Amino acid sequence: MMNFDFSDRLARLYDKLAAEEVDALLITKLANVTYFSGFRGDSTALLIGKDIRKLITDGRYVEQAVREAKNFTLVEQTEGLYKKIVDELKISHCRKIGVEGNVMTVAERDYLAKELDGFEFKSVALDTLRQVKDAAEIECIRRACRIADDAFAKILPVIKPGVREVDIAAELEYFMRRLGSERAAFTTIVASGWRGSLPHGTASDKKICAGELVTFDFGAMFKGYCSDITRTVCVGKASAEQRKIYDAVKAAQAYGLEVITAGKSGKDIDAAVRDRLTASGYGDYFVHGLGHGVGLEIHEEPRLSKLSKSENLLPNMIVTDEPGVYIENFGGVRIEDTVLVTSGAAQPLTRSPKILIEL
Ligand code: ZN
Ligand code: ZN
């Protein structure tokens, strides 16, 4: 296993600091704390700037932080995280502070403003710095994808009429753990029959019935990195309509692999695949974006959707390709791969079969 290159990450963070014209950044979003320091606990903040590079945590995490966050000076807080942040900023020479406005609460913001007279705060977004993955990150996500694939192969024999969705979800998560997953990357979705029209139908008490389509959306986690895969199977022989919808989604998903490429915008990629589903008559039933970045967070930048702000995909971004069709009182089909962006066609990292499996 390769090591993460923290010097490159910190260099890009200092560039950001300069570009935003702030003296220091207060990093409080867990994924960003992990990305820039290596520390994987919670309730922790990074202060990084001209004359400061500190990790502030509490007694539960001191030993772990010393091990994991080698590039930071550890500060232990005993009277509250924000109290210590205030103390550290007061003794620094930093006065203009970038904060993560998309995660900081109003109460935290008010506290800083009250305690730090004469300081200036600016909301800074750091998430885009995590978009392009390095070799070690790609390796971790590849592992997380392989775990999900192997677990999926193991649960196929479990999918039978009479079995509850929650029981299949439990088996799936158990197999992922046995195969090396730290935890499920997100709440496992098992949506059978009519529930298939709920794009985020997490597993329920509903029993699987013969003749139903069943959608599984799940992911593993390896060294903090997520995978994300969806497959839809049919319990018994598929009807003509079920097969027609499945084939339309499968073709759209395959087309997605072609159009997800470096240089294209998130909006254009989404539109291209949406147009393909519209041509097959199902565009109106595709009610979400085509995909999202995957990394330390299950949903991160860049987005592939109508609202995407990503103008230009770059090689080594990792995104999902997940068109779906959802029809009320009928059910749904979604097929999703986690894919690596290259200068050519996207490379699927999840490799489970995409032919319609009839169990
Ligand atoms: Zn998914
Ligand atoms: Zn997804």
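Author: Let's start with what counts as a donor: an N, O or S atom within 2.8 Å of the metal (3.2 Å for Na, K and Ca), with water not among the atoms, so sites may look incomplete. This is a predicted model, where local features need pLDDT of at least 70, side-chain atom pairs count only at pLDDT 80 or more, and totals for chains, interfaces and linings use all residues. Residues are numbered from 1 along each chain as its sequence is written, chains are lettered from A and ligands numbered from 1 in the order in which they are written, and side-chain values use heavy atoms, leaving out hydrogens and water.

Reader: Okay, how are the donor residues of the zinc ion (ligand 2) spaced in sequence?

Author: The pattern is D-x63-H-x29-E-x13-E. D228 sits in the loop between β10 (225-226) and β11 (229-234), while H292 is in strand β12 (residues 291-293), 64 residues apart, so this pair links distant parts of the chain. Strands here are DSSP runs of E, at least two residues, numbered from the N terminus. D228 and H292 are both buried, meaning under 20% relative accessible area with a 1.4 Å probe, protein chains only.

Reader: Which atoms coordinate the zinc ion (ligand 2)?

Author: D228 (OD), H292 (NE2), E322 (OE) and E336 (OE) do, at 2.1 to 2.2 Å. D228 also coordinates the zinc ion (ligand 1), which is 3.1 Å from ligand 2.

Reader: Why is the arrangement irregular?

Author: Ideal angles for four tetrahedral donors are 109.5 degrees. The four around ligand 2 subtend 77 to 150 degrees, which makes the arrangement irregular.

Reader: Moving on, which sides of strand β17 (residues 337-340) are covered?

Author: In a regular strand, side chains alternate between the two faces of the sheet. In β17, D337 and V339 on one side and T338 and L340 on the other are all buried.

Reader: What does β17 pair with?

Author: Pairing takes at least two DSSP bridges. β17 runs antiparallel to strand β14 (residues 318-321) over four bridges, and to strand β18 (residues 347-348) over two. V339 bridges to V319 and to P348. Six residues separate β17 and β18 in their hairpin.

Terms used: Tetrahedral: all angles 85-135°; square planar, octahedral: opposite > 155°, others 65-115°. Buried < 20%, exposed > 50% of the residue type's maximum accessible area, 1.4 Å probe, protein only.
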